[in-house]
Amino acid sequence: MTREDPIDKKQQPMVSDPTRRVQQLFEQYVVPSYVRFPLVFERGMGPYLWDLQGQRYLDLGGGIAVTVVGHAHPRLVKVIQEQASKLMHVSNVYYHELPGLLAKRLVERIGPGKVFFCNSGAEANEALFKLARKFGSEEGRFEILTAVNSFHGRTLAGIAATGQNKVKRGFEPMPAGFRHVPFNDLHAIEEALSPATVAILIEGIQGEGGIYIADPDYLLGLRELCDKRNLLLLMDEVQCGQYRTGCFHSYQRILEKTEGQFLPDGVSMAKGLGNGFPIGAVWIRDKYADLLGPGSHGSTFGGNPLACAVALEVLDIIEEERLHERARVLGDWLLAELNRMRKRFSGLVQDVRGLGLMVGIELAPSERIPAFQRQPERGSAAQFIERLHKRGVLAIPAGRQVVRLLPPLNVTEQQLREGLVAIELTVEEISKEV
Ligand SMILES: *Cc1c(COP(=O)(O)O)cnc(C)c1O
């Protein structure tokens, strides 16, 4: 790996300076709401990022499932330049062709319905919450059930919807109308229904929660339950969607072998949709697509021509190059390789799970890993990833114990292999420390 290049060794003494300067800017001027690794990136190309010292990193985190076609994709650079020189923004009090075309593309990939555009995943979920409230308003129903360990964004309603206490702490009182039930447990959700319940919102694959995949029977059961009880079934595909699992949305992949039609009533999207250009979207099933009528919802930037041009190009790239098929094949191979590693280091690697190129490696808790015991307050995932950085590979922690791999879908097998070697060497190194 590049780290071991003699040239890089020569650069080591100068390493801290420019990095420190940036860190100092943050310490002084940027709200410290993120836990950051001490890396300052300057540019990217494909699956690689370069820091200020010119050190190259293989980006297996994909900016948290965002860069689906990699960094600085030439087709995206071109489309951004062309559209920016034509028209970046036009108010939603007028029309533009691109949001219309993008909405059509999304509807064709999901099912009959309509699309609302916004700028992020949290905002996409907000639109789903408002849809549910509007749907239930005449009957006085408003309550949305979500899963324990879920993640739905950082707005006030987003943290109320999120089934993790750590995001809510200090921000009480929570907006009313959200309750959490165990994931993949149909019985629990049936038991939890109240006369006020109006919708169920779940992720097809829990991302921040640590890569937990919804069972096919769970999804089918939820659909049946929602039909029976007149509830909206809402899917948060912000992280697991956008072709990452091999199908456009993760529930389509999870249910590909089952007979018959499964269609949710609403789907939120963001992360990979614009490959890093901010865009969020909500698909709403035809029956409910006109509930958010004129004046009921909006977003100044939502559906702006530049964001829509990028998202259309991302879809074109993925579909023309059949990257979703690669995601499926490479994902299967990656899981098999990681499982082989898990068997070798079962004390350290507790589980490996995923679908397509959305993969989680669950490590033992830091208290049980001698190499990590000096910092018991830090999870094993963050400590592991810090070691991985030294080998020139990036990954994303999910909670304290899960290391997430969310690489671009056009990563090559050779590049993934390079990442695997670094992961396995890191696991080996940690397991040897006592
Ligand atoms: C990232 C994420 C969100 C929030 O998206 P933002 O763009 O950060 O607001 C919501 N839901 C899920 C499942 C996510 O992974």
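**Figure 1. Helix α13 and the residues that cover it.** Helix α13 spans residues 380–390, and because 9 of its 11 residues are buried, this helix is largely enclosed by the rest of the structure. Here buried means under 20% relative accessible area, exposed means over 50%, and partly exposed lies in between, with a 1.4 Å probe and protein chains only. Helices (H or I, at least four residues) and strands (E, at least two) are DSSP runs, numbered from the N terminus. The view belongs to a predicted model, in which local features need pLDDT of at least 70 and side-chain atom pairs count only at pLDDT 80 or more, while totals for chains, interfaces and linings use all residues. Residues are numbered from 1 along each chain as its sequence is written, and side-chain values use heavy atoms, with hydrogens and water left out. The buried residues of α13 are S380, A381, A382, Q383, F384, I385, R387, L388 and H389. Their cover includes the strands β3 (56–59), β14 (358–363), β15 (393–394), β16 (396–398) and β17, together with helix α14 (413–432). After α13 comes G392, which has a positive phi near 75°.

**Figure 2. R404 in strand β17.** R404 sits in strand β17, which covers residues 402–405, and R404 counts as buried because its relative accessibility is 0%. The side chain of R404 reaches the backbone oxygen of P397 at 2.8 Å. This is a polar contact, that is, a pair of N or O atoms within 3.5 Å; within protein, one must be able to donate a hydrogen and the other to accept it, and residues adjacent in sequence count only if both atoms are side-chain atoms. When residues up to four places away in sequence are not counted, R404 touches L60, I64, G207, E208, I211, Q239, V359, A395, I396, P397 and A398, where contact means heavy atoms within 4.5 Å.

**Figure 3. The residues around the ligand.** The shell around the ligand is made of S120, G121, A122, N125, F151, H152, G153, E203, D236, V238, Q239 and K271, a residue being near a molecule if one of its heavy atoms lies within 4 Å of it. The largest share of this shell, 3 residues, comes from helix α6, residues 121–136. By class, the shell holds 3 nonpolar, 6 polar and 3 charged residues; Ala, Val, Leu, Ile, Met, Phe, Trp, Tyr, Cys and Pro count as nonpolar, Asp, Glu, Lys and Arg as charged, and the others, Gly among them, as polar. An oxygen atom of the ligand lies 2.7 Å from a backbone N or O atom of A122, and a nitrogen atom of the ligand is 2.8 Å from an N or O atom in the side chain of D236. At K271, an N or O atom of the side chain is 2.6 Å from an oxygen atom of the ligand. Taken alone the ligand exposes 380 Å², of which the protein buries 80%; accessible areas come from the Shrake-Rupley method with a 1.4 Å probe, and for residues only the protein chains shown count as cover.

**Figure 4. D265 and its partner R223.** D265 is placed in the loop between α10 (250–254) and β11 (266–269), and with a relative accessible area of 0% this residue is buried. The side chains of D265 and R223 are joined by a polar contact of 3.0 Å. Leaving aside neighbours within four places in sequence, D265 is in contact with R223, L231, L232, L233, L234, W283, I284, R285 and Y288.

Figure 5. Most residues other than glycine have a negative phi, and most peptide bonds are trans. The peptide bond that joins E172 and P173, however, is cis, with omega about 0°, and P173 lies in the loop between α7 (156–161) and β6 (178–181). N184, although not a glycine, has a positive phi of about 60°; this residue is found in the loop between β6 and α8 (186–192), and counts as partly exposed at 25% relative accessibility. N275 is likewise not a glycine and has a positive phi of about 55°; the loop that holds N275 runs between β11 and β12 (280–285), and at 10% relative accessibility N275 counts as buried.
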